[in-house]
Amino acid sequence: MRAYIENKLGETGQLQKLYYIGPQFRRERPQKGRYRQFSQIGAEVIGPPSAGSESPLRDAEILEMLATLLDELGITGWKLELNSVGSAADRARYNEVLRAALIPVASQMCEDCQRRAVTNPLRVLDCKVPADQPIIDALPKISDSLDQDSQKHFAAVLAALDVSGVPYSRNHRLVRGLDYYTRTTFEFTHGGLGAQNALLGGGRYDGLSEAIGGPKAPGIGFAIGEDRLVLTLQALETAQEERAEAFIAPLADAKDEVALTRINAAALVLARELRRAGLRVELGDGSFRLKKSFEAADKSARAIVILGEDELQSGILTVKTFSTGIQTKVPRAELAAFLNQDTAD
């Protein structure tokens, strides 16, 4: 934002889409996955209101871009949490509501929350102490303090995400600790990072430029900690390496005991062939229905091999690769080579 002001970028009348990559330094004790010195990637969309910088479409555009980035990096299982902290007036109003609600309960909370209840009530919502969670869950939500314009803006952001197919969940406790945030705030989280699971985060800051002496320049942006990004990729790589190359799903009518026995025996023979070819194989139960087999396979293997009466008679097996969603017919004699090649790809 200082670079935007100092270089008079607002005088162009256009939206400015800016990014940075570089070292940062923390003053406080680092959390898991964080270091005293770290590298950060950030991007911002800033400009005068006449250029559309206040539009909820800008918010949705940033979120869609980040969802696409994580997908293209192969980061599966991410979750987008978002909320609206409203305008500066909404935030101030909610601060007072929250401060009043904390008066009778703060003494029952941890030492940090007792201090924050007075100095910065919003930070109470960030507390991770298990015993404090029921108290925090019962506190007033910021959504009840938003004015009509803020509610309308946030509804438009959610509508745009719905249309574009970006999954999200609303987290009423996501308010961000910095006072300059307004309206949309968000975090992308991932389970591979443990308790401190935020992969990246950001939000809108419509009054920041004026607060540091610049022109009116609403904006929205985000920051990605490269350290956490790498940790997430490493966790996913390790999980992928631990998955079997194939899950054999023998499918037969559970009521036909003769057919069930024959298919199960054929599946065991196939598993033995593939294991001798150096592949890791999980073997399903012939009593599994198709849906259950797919669910079990998706958790433990990179591909599912379906073996039913048709496949047994024809010698052509059906293989679905989970990473691509592609289903392929493969001759039994070529199955090991196909699975090996699929793993290499």
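**Entry 1: an aromatic pair**

I began with Phe188, which counts as buried because its relative accessibility is 0%; buried stands for under 20% relative accessible area, exposed for over 50%, and partly exposed for what lies in between (1.4 Å probe, protein chains only). The model is a predicted one, in which local features need pLDDT of at least 70 and side-chain atom pairs count only at pLDDT 80 or more, while totals for chains, interfaces and linings use all residues. I note also that residues are numbered from 1 along each chain as its sequence is written, and that side-chain values use heavy atoms, with hydrogens and water left out.

Phe186 is likewise buried, at 0% relative accessibility. I then looked for aromatic pairs and found 2 in the structure. For Phe186 and Phe188, the ring centres are 6.5 Å apart and the planes stand at 85 degrees, so this pair is edge-to-face. The rule I applied is that rings of Phe, Tyr and Trp (its six-membered ring) pair if their centres lie within 6.5 Å, with planes under 30 degrees apart counted as stacked, over 60 as edge-to-face and the rest as tilted. Together with Trp78, Phe186 and Phe188 make up one aromatic cluster.

**Entry 2: the nonpolar cores**

I next looked up the largest nonpolar core and recorded 25 residues; those with the most contacts inside it include Phe186 and Phe188, along with Leu63, Leu66, Leu80, Leu82 and Leu161. Such a core is a set of buried Ala, Val, Leu, Ile, Met, Phe, Trp, Tyr and Cys residues joined through side-chain atoms within 4.5 Å. The elements giving two or more residues to this core are strand E2 (37-46), helix H2 (56-72), strand E3 (79-84), H6, E5, strand E6 (198-204) and E7. Helices (H or I, at least four residues) and strands (E, at least two) are DSSP runs, numbered from the N terminus. H2 provides the largest share of this core, 6 residues. Another core, of 20 residues, lies apart from it, and I list Leu122, Leu125, Ile136 and Ile142 among its members.

I checked the length of helix H3 (residues 88-102): its 15 residues should span 21 Å at 1.5 Å a residue, and the end C-alpha atoms are 21 Å apart, which agrees. The expected span is 1.5 Å times one less than the number of residues. The buried residues of H3 are Asp90, Arg91, Tyr94, Asn95, Leu98 and Leu102. They cover an arc of only 140 degrees around the axis, which puts them on the same side of H3; the arc is taken from the directions from the helix axis to the C-beta atoms. These buried residues pack against helix H4 (111-119) and helix H6 (148-164).

Helix H9 (residues 257-276) has 20 residues and reaches 29 Å from its first C-alpha to its last, close to the 28 Å expected. I list its buried residues as Ala259, Leu260, Ile263, Ala266, Ala267, Leu270, Ala271 and Leu274. Seen down the axis of H9, they fall within an arc of 145 degrees, so they line one face of the helix. The face turned away from that buried side carries the exposed residues Glu257, Val258, Thr261, Arg272 and Arg276. Gly278 follows H9 and has a positive phi, near 90 degrees.

**Entry 3: salt bridges**

I searched the whole structure for salt bridges and found 11, each being a side-chain nitrogen of Lys or Arg within 4 Å of a carboxyl oxygen of Asp or Glu. Arg115 forms one with Asp112, with the closest N and O atoms 3.1 Å apart. Both lie in helix H4, 3 residues apart, about one turn of the helix.

Arg173 forms a salt bridge with Asp137, the closest N and O atoms being 3.3 Å apart. This pair links distant parts of the chain, 36 residues apart: Arg173 is in the loop between strand E4 (169-170) and strand E5 (182-189), and Asp137 is in helix H5 (residues 133-137).

The side chains of Arg204 and Asp206 also meet in a salt bridge (2.8 Å, N to O), and both residues are buried.

**Entry 4: Pro218**

Pro218 is buried, with a relative accessible area of 0%. Leaving aside neighbours within four places in sequence, its contacts (heavy atoms within 4.5 Å) include Arg204 and Asp206, as well as Val45, Ile46 and Gly47. Pro218 and Leu15 are 203 residues apart in sequence and 10.0 Å apart in space, C-alpha to C-alpha.
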